[in-house]
Amino acid sequence: MQFFADGYHPGDPTIAPEHPQRWQPGLPAEIDVLIVGTGPAGLVLAAQLARFPGIRTRIVERRTGPLLRGQADGVSCRSVEMLQAFGIAQKLLSEAYWVNETIMWQPDPDDRRRIVRTSRVQDVADGLSEMPHVIMNQARVHDYLLESARAQPARLEPDYGWEFVSLQSPDDDGPVLVTLAHRDDTGEATGRTRTIRARYVIGADGARSRVRTAIGRALSGDAANHAWGVMDVLADSDFPDLRFKTMIQSDGHGSILLIPREGGRLVRVYVDLGTVTDESRERVRAMTAAEITDIANGVLHPYSLDVKQTVWSSVYEVAQRIADGFDDAAGRDRAPRVFIAGDACHTHSAKAGQGMNVSMQDAFNLGWKLAAVLEGRADASLLETYDAERRPIAQELIDFDREWSAMLAQPAQDPDHPERGGVTAAELATYWARQGRYTAGVAARYAPGRLTGKGTHQHLATGFEIGTRFHSAEVVRVGDGRLLQLGHTHEADGRWRLYAFADAGEQALRALLGWLRTDPSSPVVRTRRDGDDIDALIDVRAILQSPLHDVDFAGLPEILRPRTGRLGLVDYEKAFTAAPTGSAATAGIDIYGERGVSREAGALVVVRPDQYVAHVLPLDARGELTGFFEGILLSAS
């Protein structure tokens with residue numbers, strides 16, 4: 001990352017200088033954005049909006065302090081890619097458990113009272129992402145996001161001990177009136193209330209969301225009437241795969257999904273508790289960690305689990321539900337003003353490890369759009385795309401979870417009695433491998449629309465699929481010769497990226513870069529305000545085909561050598577070469593080959609602030625590029 005653009009400051013350079021309009025204790029009466037809930041969705045929003053100190057953001061939480069343990073733990077490859085944009089991925093990777101393989105165990109065909117290892121599946125396919133799939137306590141993910149929010153100019157902190165009570169959503173441009181109730185340090189209601197006037201409200205307040213209820217939205221779907229116990233434990237065991245992600249099916253004792261956790265010793269164990277009826281529901285929900293452990297030992301035979309400490313445990317029933325809308329726009333002739341995100345929008349089982357991940361992606365989708373509207377960069381109608389884009393993604397999650405949960409709940413098939421049903425080891429392994437892109441978080445695709453172009457020119461860069469996340473690859477930075485991931489230049493700062501891949505002779509590239517910098521119809525020029533750096537809203541970068549030592553930095557187009565920041569210093573990090581180094585050079589591998597970019601014609605890859613590919617265009621497609629951005633960003637004038 002870059003710093004010191006506005007002058008040197010001592011101390012941790014990743015902590016931005018604070019803004020005069022920074023967070024202060026005590027809830028103000030009027031704000032721009034009120035976030036309700038400090039779960040993954042709420043904190044991603046907070047960390048993103050904290051970068052915009054001119055936007056008055058507050059986040060309230062009914063609890064009296066941050067989450068300490070339990071809840072979700074899987075962080076998909078896509079989420080790690082996203083957290084890289086917040087500057088916290090490396091901290092996560094250094095602490096987390098890395099999932100390398102998923103191992104399947106089923107009854108021994110020679111003695112079905114015992115379980116045996118039946119298959120191993122590589123967890124993340126080669127080339128799917130530069131990031132791994134990792135396991136990390138949700139509370140620690142919260143900690144990272146809180147640190148990110150505190151390090152931004154707004155120095156944003158949650159206001160703990162404030163519970164959402166109600167809201168009044170206007171039919172015009174007036175503020176949303178939100179009533180909050182205060183709780184003391186013990187969690188008891190004090191009787192104090194507070195009314196906040198907010199331009200926008202986001203309910204990230206969980207599956208029982210009061211914000212969702214207040215705007216008349218409801219969850220609908222199915223309950224599978226199947227219960228699972230979950231425990232985070234420190235335990236001794238002779239089970240040989242305790243430090244691998246493992247799916248275990250027994251003969252008549254249920255199933256286990258075993259997830260190793262960070263630190264080398266902590267383990268999460270999901271234990272199948274079977275079908276729940278109205279008569280058994282209360283008893284199942286009251287089951288203790290010791291009772292869940294006893295069931296787990298029945299599944300593990302001939303191995304055993306000796307729990308030394310239970311860190312956290314819970315019992316839950318599988319249900320797949322989705323809200324009938326993610327905002328308050330229904331029946332109103334105006335853009336949405338109140339939104340819901342995360343578990344307030346969709347609930348499901350924990351088996352595929354997607355809950356926290358999809359919730360964070362909800363917030364990343366919404367955050368940059370709120371910033372663009374509140375800064376006057378885009379019309380309020382941009383906010384209508386949140387529901388349009390994220391609800392289909394949530395439905396895909398529900399559909400996948402329903403199928404996967406049903407498969408896990410089936411007994412292992414007895415080869416001597418196939419008529420009894422059940423699932424074979426091969427079926428389980430095949431299904432998991434087939435769904436690898438989904439569980440890695442990289443299968444989401446936005447349909448063509450206002451923010452996503454059509455695939456007319458997709459052939460120019462087949463590996464940057466329009467509507468999917470930008471699939472990073474290595475390049476060499478011209479300014480200092482450093483080998484790095486191109487996607488890691490993308491920060492969660494609300495800016496669009498234009499990645500211009502050079503044509504064979506660079507004539508088309510240089511013509512494009514000159515036009516982008518000077519022509520009034522260029523989206524860079526049209527949206528640039530007085531006093532803005534040239535890359536304040538649209539960040540232009542180029543990838544050349546020439547070898548590093550053949551590139552003259554001083555001869556690059558000026559938009560690749562911009563003077564930015566208060567001191568007007570040159571930015572050396574806009575130009576890259578695809579020419580590989582090291583083992584990649586020997587193999588002849590580079591980003592053009594890896595991502596199917598035309599070496600003859602080049603390509604312009606347009607990437608949204610949330611890291612999704614918005615368009616692929618020819619380098620000379622001036623009109624198409626202008627028209628695309630005119631439908632999204634307002635002119636600076």
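Tryptophan 98 stands opposite valine 134, a residue of strand E7. This is a predicted model. The pairing behind that contact is between E4 and E7 (residues 134-135), which run antiparallel over 2 bridges.

Now take in the whole sheet. It is open and has 3 strands, ordered E3-E7-E4, with antiparallel pairing. Strand E3 (74-75) and strand E4 (97-98) are the edges. Each has a single partner strand, so one side of each lacks a neighbour in the sheet.

Next, follow the chain to helix H8, residues 355-374. Its 20 residues should span 28 Å at 1.5 Å a residue. The end C-alpha atoms lie 29 Å apart, which agrees with that expectation. H8 is also mostly covered: 20 of its 20 residues are buried. Just after the helix comes glycine 376, with a positive phi of about 75°.

Which helix axis comes within 9 Å of the axis of H8? The answer is helix H2, residues 77-85. The two axes cross at roughly 40°. The crossing is left-handed.

The residues that meet can be named on both sides. H2 brings Arg78, Ser79 and Met82. H8 answers with Asn357, Met360, Gln361 and Phe364. The spacing of such positions follows a general rule. An α-helix has 3.6 residues a turn, so residues three or four places apart point the same way.

Notes: Residues numbered from 1 in each chain as written. Predicted model: local features only at pLDDT ≥ 70, side-chain atom pairs only at ≥ 80, totals over all residues. Heavy atoms only, no water. Helix = DSSP H or I, 4+ residues; strand = E, 2+ residues; numbered from the N terminus. Expected span 1.5 Å × (residues − 1). Buried < 20%, exposed > 50% of the residue type's maximum accessible area, 1.4 Å probe, protein only. Pairing = 2+ DSSP bridges. Axes fitted to C-alpha atoms, helices over the stretch in contact; angles between N-to-C directions. Left-handed = near helix turned anticlockwise from the far one by under 90°. Contact = heavy atoms within 4.5 Å.
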